[in-house]
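Hi,

Here is the structure I promised to pass on.

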There are 2 protein chains.
Amino acid sequence: MRTLFTAEMSELADDLAAMARHVSTAIDQAGEALLTKNVELAQRVIADDATLDDIEETVDERCVLLIAQQQPVGLDLRTIIVSLRISAALERMGDLAQHIAETARRAYPDSAFPDTHSDVVEGMVAAAKKAAQEVTELIEDRDLNVAAGIVSDDDTLDQLHAEAYQRLLADDFEGSPQEILNISLLARYFERFGDHAVGVSRRIVYLVTGDHSGEAARI
Amino acid sequence: MRTLFTAEMSELADDLAAMARHVSTAIDQAGEALLTKNVELAQRVIADDATLDDIEETVDERCVLLIAQQQPVGLDLRTIIVSLRISAALERMGDLAQHIAETARRAYPDSAFPDTHSDVVEGMVAAAKKAAQEVTELIEDRDLNVAAGIVSDDDTLDQLHAEAYQRLLADDFEGSPQEILNISLLARYFERFGDHAVGVSRRIVYLVTGDHSGEAARI
């Protein structure tokens, strides 16, 4: 029975890693669609989000069955409960990538953002891609050194979020209401993406170290 | 042992009801702060959000302990897992009320939104307040008739979200970039608030009816 349980816990970890890889692909493609006005790629991100939702459902069902059948306690139980939180956060990261792709699609054949914000958007895409790759790496390898990188990406996203809004509000800014709307939302999507990446990262750190102190302790 | 378990399940329900009441107060006050430029009220919403986070933590800990100590199966286990999802959604609704209050506070002593959007913002505040009250009622009384009202409030919020953006993009719109930014974000906060209310509602319906079909089945 114990062997079966270990095998199932390992499948759970595999599912979370699959979700993280899916999110990583989604934000890569959504970022490229946004920067290069590639409407087909945007379309693909939007269509593929259903797959992520399906994996999340599988993870959730697996967690409930594991608890019911194995009656886990201690770290095993916490791992399962934390896995539920991680799957919810990864699903949200996929939704945010989808919203970014939708913004690119709506603007097509125009760019979703004005030239004044090109470097900021490029920076947000790069930081979000990096965060998603590191989340995948952290889930797959449990190398805690990666966690610091995710916090730093989130800081970058917070700074670019503030910078995007400051430029909108500068006296000499001349974007259209549509461009202001797009930048307002895009900056928010990227900022939330970073928040969720940090949330996932803290939960993995908690599982690996058992550190119950501070933020890491939130299940 | 069984009696103790029932008592603890009932405390769990009480905690969720307390969270829902807190969210209801937060969105009431955030809405009023936004509509009447009441910066003290906005400040109170922002300060009070920590209480909601604390209750969420209590709920989460209670759920883990209940599973570990009582080894529940079947509906009891599902109730606990669903409670974790409900507490996460209520915590997010509180965050959104806080963001609305922050938007009002940042704009003070000005209004956060232009006159062109007064009726839309009033409509969003009213629908969000109604949804929060109904969520509280649903958690407290488990009267499923309330669930339809929440779906209808969410529809209203979706329509007002679209209307808010359409007005921003109308040829004769003359708001400042700051006002466009505020409306972009406010409409999104209210729309997400409605989504979470529906999510909570579906989960309660699932618990009460045991209906595993469609959306209601998502734990």
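Below is what I found, starting with how the two chains meet.

First, some housekeeping: this is a predicted model, where local features need pLDDT of at least 70, side-chain atom pairs count only at pLDDT 80 or more, and totals for chains, interfaces and linings use all residues. Residues are numbered from 1 along each chain as its sequence is written, while chains are lettered from A and ligands numbered from 1 in the order in which they are written.

Between the chains, 25 residues of chain A are in contact with 25 residues of chain B (contact means C-beta atoms, placed from the backbone, within 7 Å). On the chain A side, H2 (39-70), H3 (74-107), H5 (145-168) and H6 (177-209) each supply at least two residues; helices here are DSSP runs of H or I with at least four residues, numbered from the N terminus. H6(A) gives the largest share of that side, 7 residues. By type, the chain A side divides into 17 nonpolar, 3 polar and 5 charged residues (nonpolar is Ala, Val, Leu, Ile, Met, Phe, Trp, Tyr, Cys and Pro; charged is Asp, Glu, Lys and Arg; the others, Gly among them, are polar).

Within chain B, have a look at H5 (residues 145-168) and H6 (residues 177-209): their axes come within 9 Å and cross at roughly 165°. The axes are lines fitted to C-alpha atoms over the stretch in contact, with angles from 0 to 180 degrees between N-to-C directions. That makes H5(B) roughly antiparallel to H6(B), a label for angles over 145 degrees. Among the residues that meet there are B:Ile150, B:Leu157 and B:Tyr165 in H5(B), and B:Ile183, B:Phe190 and B:Val198 in H6(B). The residues of this contact divide into 14 nonpolar, 3 polar and 5 charged.

Most residues other than glycine have a negative phi, and most peptide bonds are trans. The bond from A:Tyr108 to A:Pro109 is cis, with omega near 5°, and A:Pro109 sits in the loop between H3 and H4 of chain A. In chain B, a cis peptide bond joins B:Tyr108 and B:Pro109, with omega about 5°.

A:Arg142 follows H4(A) and has a positive phi of about 55° although it is not a glycine. A:Arg142 is partly exposed, with 15 other C-beta atoms within 10 Å (20 or more would be buried, 12 or fewer exposed, and partly exposed is in between). B:Gln71, in the loop between H2 (39-70) and H3 of chain B, also has a positive phi, near 45°.

Cheers

Key: Contact = placed C-beta atoms within 7 Å. Parallel < 35°, antiparallel > 145°, perpendicular 65-115°, else oblique.
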